[in-house]
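Let's take a walk through a protein model together. Keep the sequence and the 3D view open while you read.

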There are 2 protein chains.
Amino acid sequence: PVRIDWHADQVEKGQFEHFMLKEIHEQPLTLRNTMLGRINDRDEVSFPELAPAAGAFKDVEKIFIVACGTAYHAGLVGGAMIEKLTRIPVQCDIASEFRYRDPIITDRTLVVVVSQSGETADTLAALHESRRRGAKVLAITNVPTSSIARDADFVIPTMAGPEIAVASTKAYTTQLLAFCLFSIYLAQEKRTLGQKLHAELVQGLKALPVQVEKVLENANEVKLFAESIKDADSLFFIGRGLDYAVALEGSLKLKEISYIHSEAYAAGELKHGTLALIEKDTPVIALVTHMELYEKTVSNIKEVKARGARVMGITVEGNVELLNAADEICFIPPSLQLLAPILAVVPLQLIAYYASLALGNDIDKPRNLAKSVTVE
Amino acid sequence: PVRIDWHADQVEKGQFEHFMLKEIHEQPLTLRNTMLGRINDRDEVSFPELAPAAGAFKDVEKIFIVACGTAYHAGLVGGAMIEKLTRIPVQCDIASEFRYRDPIITDRTLVVVVSQSGETADTLAALHESRRRGAKVLAITNVPTSSIARDADFVIPTMAGPEIAVASTKAYTTQLLAFCLFSIYLAQEKRTLGQKLHAELVQGLKALPVQVEKVLENANEVKLFAESIKDADSLFFIGRGLDYAVALEGSLKLKEISYIHSEAYAAGELKHGTLALIEKDTPVIALVTHMELYEKTVSNIKEVKARGARVMGITVEGNVELLNAADEICFIPPSLQLLAPILAVVPLQLIAYYASLALGNDIDKPRNLAKSVTVE
């Protein structure tokens, strides 16, 4: 296995004002590192860490993904990736709920736990409960020496390096990437992935680091918007499909460090109640990267616009047509739908950062929160 | 089948200031009506409507529950009931998401769609998509002549009578009851329900109408609290397990008619980010009816109290000990855990109602919302 050591200069801020901003900008590198040694010359995905376990996932009939907070949001995207590429049914659970809800687990169940620190108390307890019930457990974690890595059957380390800011950024995107690699790996074992999509996915993965760099270069596009929302009481994120999962993460990021009450909604669900909260100038951030759901999401944008909302759209380069519905747009480079979350989350991380900076908050250590939640 | 006709006086407010309050108070009756003719002398559950379909659910291996808004929240509770009593895996999906996410459906899949009006566009489309993919579809709806009832394979009508207020109350509790009856029915077919629990459940169901009356008699307990939150910018609902599902519905109710930005959280998930939003006097409504999770939820209450929150606890009669953690308490009568949501939601409906009344809002016709969402 490729070994990437953590150096002392990784825990200093360098040119950046905050660890969070530094970590956001490290993402091209941490994505490269997380791919390193895991895609071979024939574009197959392999995990040197899983080599001793070859064939271990052949009989898996059901997968649970169990995590908390940001890692849970990574799991929502990861679950969709796995189902799409392998057609194994996946269910995502919040760890503090999963433990107590008497889940249906057999010896053909794989439980994937996700935790940056590998010490999240509820996730560790869910891991133990899953093993007790006969499931195999795979851990996706950033700390290979952690309790969760130690107690799992299999481990896929993310290569994000030390994450200091409480609000997770580079750990999240490497978790998404690890899920994508694992989905392809599983699909190779199950032979459920066509050659064409396989090639497109690997090509798409390899392009990600440079694409994230490009999103970071355009940081100013969202900076003004971020500063303009600092006095908002409420803010909403909307999206459909994977865009909804990313919206959940964008909303959590903003809450954690800006203390603005934001909430993410599946775009089609707004009119079943929450539309009542939209009034003149309520900021709404709309993710529109699922181009096959474009018309549907645009019609939801029009619903909030009709009530006076101010809409920032996040969409794919070239889709200038969205300006007919949204007030402002931030573009991300084109990618496969399954990979778009890794790009789309970056402007949301920047919005959270710059809004909090404008508010003068303690960005790296937000009030009330701990980096690693080791209590239940 | 028992036939209950809708009378003209059901669509007048009578002694009540608003349809919503009238409908909240009708719940003892609508629960009785929804049970009527469905529990026989030997305490078995039978649905005259499903008699021609006897044995139809024998081979079901997987159940999806698909709905929008309040009906989706009913599905979250219903899914837990079905899994608990039958051990068939259940997954709940928002209809506008389910349609487009390429769900894994076989001819052994049952899709349960839930809609008060039976005309919800996304739910109807999900029904069609499910049937196209080979699933059987069961509809739980309040309007047996609706499109959803017409196009489903099986229908369980709820007997809530006409619901006029946009914010659904009696339809929700009859949906919960219908799910409970169906869970027992399915467990009878599958022989997965022990005699003792069966007897306790049926006894618990029969007690519900009188217990809801009792909760309504104590409406004043929550009225003062409701009036006190009218100027809050943000409010949080927390709970674990079924209490979390009820919290989601309580939060939606409050949003719909008070326009206060409230949000529901699985209690164990707060410290993964949202705790940052809790400050002095932030109102938090904590549902604590899962007595086996009592200590865990109380520790989450202490977390928000430590940040200055003002906590209203909803718990089971006799549990005065909660006053050591919460500032105020509203009691509900003791019941089986699976049935507690039907009782616990009632004070939340009243809180939404009285907060909105204090705000002078148009309670029966909140801004921006339609009773039946027939667009996508």
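This is a predicted model: local features need pLDDT of at least 70, side-chain atom pairs count only at pLDDT 80 or more; totals for chains, interfaces and linings use all residues.

Residues are numbered from 1 along each chain as its sequence is written, chains are lettered from A and ligands numbered from 1 in the order in which they are written, and side-chain values use heavy atoms, leaving out hydrogens and water.

Chain A has twelve helices and ten strands (DSSP runs numbered from the N terminus: H or I of at least four residues for helices, E of at least two for strands). Its radius of gyration is 20 Å, close to the 21 Å that the globule rule gives for 376 residues, so chain A is as compact as a globular protein of that length. That radius is taken over C-alpha atoms, and the rule is 2.2 Å times the number of residues to the power 0.38. Of the 376 residues of chain A, 65% count as buried, where buried means under 20% relative accessible area, exposed over 50% and partly exposed in between, using a 1.4 Å probe and protein chains only.

Now for the sheet. In chain A, five strands form an open sheet in the order β7-β6-β8-β9-β10, with parallel pairing; two strands pair if DSSP finds at least two bridges between them. At the edges sit β7 (261-266) and β10 (328-332) of chain A, each pairing on one side only. Further in, three bridges join β6 (residues 234-239) of chain A to β8 (residues 283-288) of chain A. Ile238(A) stands opposite Ala286(A) in β8(A).

Next, zoom in on Thr30(A), which is in helix α2 (residues 27-35) of chain A. At 3% relative accessibility, Thr30(A) counts as buried. Neighbours within four places in sequence aside, Thr30(A) is in contact with Met159(A), Ala160(A), Lys170(A) and Thr174(A), contact meaning heavy atoms within 4.5 Å.

Finally, hop over to chain B, where Ser183(B) lies in helix α7 (residues 170-190). Is Ser183(B) buried or exposed? Ser183(B) is buried, with a relative accessible area of 0%. Leaving out neighbours within four places in sequence, the contacts of Ser183(B) include Gly78(B), Met81(B) and Ile82(B).
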